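Me: I have a chain open on my screen and want a quick walk through it. Can you take my questions one at a time?

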Amino acid sequence: MTAEPAAAVTAQLCPGGPMLLRGASEVIDEDGVAHPVGRPTVAVCLCGRSQRKPWCDSTHKLTQKVGPDSRRKR
Ligand code: FES
């Protein structure tokens, strides 16, 4: 009997925003609660202000500083 290879999970940090998780089956929050992942890609809140934790609800966009240093690099 051989074990199935684990599916690859990748994490991408978005500057000033969430972490995009691809291929995850669940996210365990800081209280140890498991949140099932039902989509191929999910955005996990890193700013701490989401009303739908652990998921990003885009609140980080409202709290970012506005100014010359906050512009996105292209
Ligand atoms: S990172 Fe998007 S709401 Fe926190």
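Me: How many bridges join β1 to β2, and do they run parallel or antiparallel?
Reply: Four bridges join β1 to β2, and the two run antiparallel. Strands here are DSSP runs of E, at least two residues, and helices are runs of H or I, at least four residues, numbered from the N terminus. Two strands pair if DSSP finds at least two bridges between them.

Me: Before I go on, what kind of model is this?
Reply: It is a predicted model, where local features need pLDDT of at least 70, side-chain atom pairs count only at pLDDT 80 or more, and totals for chains, interfaces and linings use all residues. Residues are numbered from 1 along each chain as its sequence is written.

Me: What else does β2 pair with?
Reply: Strand β5, residues 41–44. Four bridges join β2 to β5, again antiparallel. Arg 22 has Thr 41 in β5 as its bridge partner.

Me: So what is the strand order in the sheet?
Reply: The order is β1-β2-β5, in an open sheet of three strands with antiparallel pairing.

Me: Why is one side of β1 and of β5 left without a neighbour in the sheet?
Reply: Both stand at the edges, each with a single partner strand, so one side of each has no neighbour in the sheet.

Me: And by how much are neighbouring strands turned against each other?
Reply: By 25° on average, direction ignored. The axes are lines fitted to C-alpha atoms, for helices over the stretch in contact, and angles run from 0 to 180 degrees between N-to-C directions.

Me: How much of the protein is buried?
Reply: Buried residues make up 7% of the 74 residues. Buried means 20 or more other C-beta atoms within 10 Å of the residue's own, exposed means 12 or fewer, and partly exposed is in between, with C-beta atoms placed from the backbone.

Me: What share of contacts join residues at least 24 apart?
Reply: 20%, among contacts between residues at least 6 apart in sequence. A contact means that the two C-beta atoms, placed from the backbone, lie within 7 Å.

Me: New topic: Gly 16. Where is it?
Reply: Gly 16 is in the loop between β1 (10–13) and β2 (19–22). That hairpin has five residues between its strands, and Gly 16 takes a positive phi near 75° there.

Me: Why does Gly 16 count as partly exposed?
Reply: Gly 16 has 14 C-beta neighbours inside 10 Å, so it counts as partly exposed.

Me: What does Gly 16 contact, leaving aside neighbours within four places in sequence?
Reply: His 60 and Gln 64. Cys 47 is 31 residues from Gly 16 along the chain, with 7.7 Å between their C-alpha atoms.

Me: Now the loop between β5 and α1. Where is the cis peptide bond?
Reply: The cis peptide bond joins Lys 53 and Pro 54, with omega about 10°. Pro 54 lies in the loop between β5 and α1.

Me: Which non-glycine has a positive phi of about 75°?
Reply: Ser 58. Ser 58 lies in the loop between β5 and α1 too. Ser 58 is partly exposed, with 13 other C-beta atoms within 10 Å.

Me: What about Asp 57, where does it sit?
Reply: Asp 57 is in the loop between β5 and α1 (60–63). Beyond its neighbours within four places in sequence, Asp 57 contacts Ser 50, Gln 51 and Arg 52. Its C-alpha is 7.6 Å from that of Cys 45, twelve residues away along the chain.

Me: Last one: is Glu 26 buried or exposed?
Reply: Exposed, because Glu 26 has 10 C-beta neighbours inside 10 Å. Glu 26 lies in strand β3, residues 26–28. Leaving aside neighbours within four places in sequence, Glu 26 contacts Ala 34, His 35, Pro 36 and Val 37.
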